[in-house]
Amino acid sequence: MPRLDFQLPPPRQAAQLGAILWIGIAAILLPSLAAADQLRGAEWVAQAGVMLSGAALTVTVYLGLSAGNGKPLWLGVAITLIALAGAAAIQTASDFGIQALVHGLLPTRLSTHSPEETLIVRIIYFLIYACAGAVFVVTGVLQRIRSRERELARAEIARLRAELALLRLQLNPHFLYNSLNAFSALITLGRADEANRLAEGLAEFLHAAMDLDGSEVPLARELELIECYLDLEQARFGERLRVETDAPATLHGALVPGFLLQPLVENAIKHGVEASAGTASLRIAAARAGTQLVLTVENRSAPAPAAAPVRPGRGIGLANTRARLEMLFAGEASLETGAVADGFRAAVRLPLKLA
């Protein structure tokens, strides 16, 4: 069964809103009565008393809304209407009572208070209190929206921090250790220029990783960073690793999340090249499929001997990528993985956006 569900402002703020509402009514009504010559003598005292009692009775509306909130829809609406009608009736009686009291003390005119006039006054007050209730509800809804926006902002910050932390976990000590060993080997072999070039590539790669802020980058830039990463891995494996990149120039401007391919490539290196008995191939491809961009990382290699050691992984590369795609694209992107002949393939599908 549907329920009445809304958020009300805190009592102190509701009192302030009620006071502002009645000040606004007074600012409109009293000058109008004065212009119509209906505030003679001490009649303004009676009107001031009416305004004060009206502001005080706004509490009744707030309490009625509080009582109806969370109840079944029919019951919540009934409680709210009873509160509005009760406030209007009490205010009408207060209005006439204040006028009678002031008339007994000071020279003022006294209305006849006919049934028709009484009904009209009640309807007017009912509408005024309905406006007060609407102000309370709208204010509460706006506060709920702002609260959710703050929660989303905090969640976004937490997501980006988690994304950074998880991605940096991928840049593990094994990679840095192997890269430094490769530099040392190249220098020993007298290939200092090549070692220097690879060191510059490592610096650029790590700098890009530390600057990651969750933003999107052109595919061309993403491929440049992957090339830096693969240059370092190529220094380790030499002729054992063959790399092929197939990305049409028309897709170089496509926007992708920064470092989207790195965990997929690392996964292929760890479980494909390192575990292979000989030469291994790694293919990175980009293609357009309708309104989607498809990025594929595929490795093929001869199976390793049964006794060959395989470095265990924590399985966070593919899981992180799936979680990241879900957070960024909310179901409009996916990561598909599966075995192929003598290898493994990971394919990312995401909306195609050209810079």
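In which sense do β4 and strand β5 pair, and over how many bridges?

Author: This is a predicted model, in which local features need pLDDT of at least 70 and side-chain atom pairs count only at pLDDT 80 or more, while totals for chains, interfaces and linings use all residues. Residues are numbered from 1 along each chain as its sequence is written, and side-chain values use heavy atoms, with hydrogens and water left out.

β4 and strand β5 (residues 292-301) pair in the antiparallel sense, over 10 bridges; two strands count as paired if DSSP finds at least two bridges between them, and the strands themselves (E, at least two residues), like the helices (H or I, at least four), are DSSP runs numbered from the N terminus. Within this pairing, Arg-283 stands opposite Glu-298 in β5. The two strands form a hairpin with 2 residues between them, and in the turn Gly-290 has a positive phi of about 65°.

On another side of the picture is strand β2 (residues 241-246), which runs parallel to β4 (residues 280-289) and is joined to that strand by 6 bridges. Here Val-243 has Leu-282 of β4 as its bridge partner, and Arg-242 stands opposite Ser-281 in β4.

These pairings belong to an open sheet of 5 strands, with mixed pairing and the order β2-β4-β5-β7-β6. The edges are taken by β2 and β6 (334-340), each of which has a single partner strand, so one side of each is left without a neighbour in the sheet. From one strand to the next the twist averages 15°, where angles run from 0 to 180 degrees between N-to-C directions and axes are lines fitted to C-alpha atoms, for helices over the stretch in contact.

Helix α7 (residues 219-237) lies across β2, β4 and β5, and runs at about 170° to β2.

Ser-301, which lies in strand β5, is buried, with a relative accessible area of 15%; buried means under 20% relative accessible area, exposed over 50%, and partly exposed in between, with a 1.4 Å probe and protein chains only. Leaving aside neighbours within four places in sequence, Ser-301 is in contact with Gly-272, Ser-276, Thr-279, Ala-280 and Asp-342. Asp-342 lies in the loop between β6 and β7 and counts as exposed, at 56% relative accessibility; its phi is near 60°, a positive value in a residue other than glycine. Phe-259, in the loop between β3 (255-257) and α8, also has a positive phi for a residue other than glycine, near 65°, but Phe-259 is buried, with a relative accessible area of 4%.

The mean pLDDT of the protein chain is 81, and 83% of its residues reach 70 or more, pLDDT being the predictor's confidence in each residue, from 0 to 100. Over residues 306-315, however, the pLDDT is below 50, and this stretch has 9 contacts in the model beyond near neighbours in sequence.

Note on methods. Contact = heavy atoms within 4.5 Å.
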